Amino acid sequence: MSSPQFDHDVWQAARRDAVVAGTGNLALVETRWLPPRVDAEVAWKQARAEAEAEAGAGVTVTTVRRTNLHTGEPEHGLRFWDADAPAVRNFERIDTFPYRADWVVEAGFTPVEGGRRVPFEHIRDSGGSRELVVPGDIRVTIDGVAYVLSAFDDDGTLLLVFGDPTNGVDTYGAGRFLFVPHESGSSTVVLDFNRAFVPPCGFSAQYNCPLPPRQNRIHVPVEAGEKVPVFRGGYTVH
């Protein structure tokens with residue numbers, strides 16, 4: 001019979017399977033940005049075809065796009081995923097806190113018509129920030145303190161990037177992520193911090209993860225969810 005603990009165990013197993021997959025977080029070994037060109041889409045496809053031809057067995061090449069932080073112009077790149085990457089070979093587990101029912105918290109959700117663009121500093125942008133669409137405000141009280149949290153739209157799902165005093169002590173130093181399920185039209189959401197997870201940049205230095213903005217910094221230790229990835233033999237992704 002299903003229970004919160006059983007469901008959590010299933011989620012943890014799925015997380016492990018996801019990070020060790022052939023295109024999982026641990027497998028990303030290179031991001032190659034292409035020079036700006038007039039026919040960017042054509043160059044992008046050609047570069048991918050050439051990269052796939054030279055890639056070895058177990059290597060997958062995908063495309064990625066971003067906006068240039070300074071010019072606002074689109075940039076095109078390739079990502080290389082190696083199913084036998086050193087990070088995959090040396091990965092042991094993800095350390096986690098025990099399941100805590102008291103860290104499943106109901107919160108209010110107030111949509112913002114058309115969404116609001118909120119600046120998020122990113123870990124590899126040297127202090128620069130990128131504006132992300134926040135569809136609404138999440139209002140929650142934790143340990144007697146009221147918060148208005150900003151979760152941005154990640155391909156149709158709310159993604160909360162938050163920090164707390166465990167960062168750099170028990171958990172990943174740059175903060176953690178939490179997906180927030182939200183039904184259209186509902187005025188409430190549930191924050192299950194037991195499913196807080198290490199950002200992709202905790203598994204590969206090739207990611208450029210957003211950092212928690214000031215309003216998303218919780219002042220009490222969130223002792224729930226994932227802590228850090230653990231590798232064998234002192235291996236580090238940085």
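Across the interface of domain 1 and domain 2, four residue pairs are in polar contact, both residues at pLDDT 80 or more. A polar contact here is a pair of N or O atoms within 3.5 Å; within protein, one must be able to donate a hydrogen and the other to accept it, and residues adjacent in sequence count only if both atoms are side-chain atoms. Salt bridges across that interface come to zero, a salt bridge being a side-chain nitrogen of Lys or Arg within 4 Å of a carboxyl oxygen of Asp or Glu.

This is a predicted model, so to speak of local features takes pLDDT of at least 70 and side-chain atom pairs count only at pLDDT 80 or more, while totals for chains, interfaces and linings use all residues. Residues are numbered from 1 along each chain as its sequence is written, and side-chain values use heavy atoms, with hydrogens and water left out.

**Where the domains meet**

Domain 1 covers 25–82 and domain 2 covers 94–231, with bounds from an automatic or database domain assignment. Their C-alpha centres lie 28 Å apart. Eleven residues of domain 1 are in contact with ten of domain 2, where contact means heavy atoms within 4.5 Å. Between them the two domains bury about 890 Å², 51% of it on carbon and sulfur atoms; buried area is the accessible area (1.4 Å probe) that two parts lose on being put together, summed over both. On the domain 1 side, N25, L26 and L69 lose the most area, together 58% of what that side buries.

N25 sits in the loop between α1 (4–19) and β1. Helices (H or I, at least four residues) and strands (E, at least two) are DSSP runs, numbered from the N terminus. N25 is buried, at 15% relative accessible area; buried means under 20%, exposed over 50%, and partly exposed in between (1.4 Å probe, protein chains only). Its side chain makes a polar contact of 3.1 Å with the side chain of Y207. Leaving aside neighbours within four places in sequence, the contacts of N25 include P200, F203, S204 and Y207, along with R15, A18 and V19.

**R65 and its partners**

Over in strand β2 there's R65, partly exposed at 46% relative accessibility. Its side chain makes polar contacts with those of E41 at 3.1 Å and H76 at 3.2 Å. R65 and H76 are eleven residues apart along the chain, yet their C-alpha atoms are separated by 4.7 Å. Not counting residues up to four places away, R65 also touches W33, W44 and E75.

**Salt bridges**

The count for this model comes to 16 salt bridges. Here are some of them:

| Pair | N to O distance |
|---|---|
| R32 and E30 | 3.0 Å |
| R116 and D137 | 2.9 Å |
| E223 and R100 | 4.0 Å |

E223 is partly exposed at 35%, as is R100 at 28%.

R116 lies in β5 and D137 in β6 (129–142), so their bridge ties together parts 21 residues apart in sequence. R116 is partly exposed at 31%, whereas D137 is buried at 10%. Salt bridges that share partners also join E30, R32 and E54 into one network.
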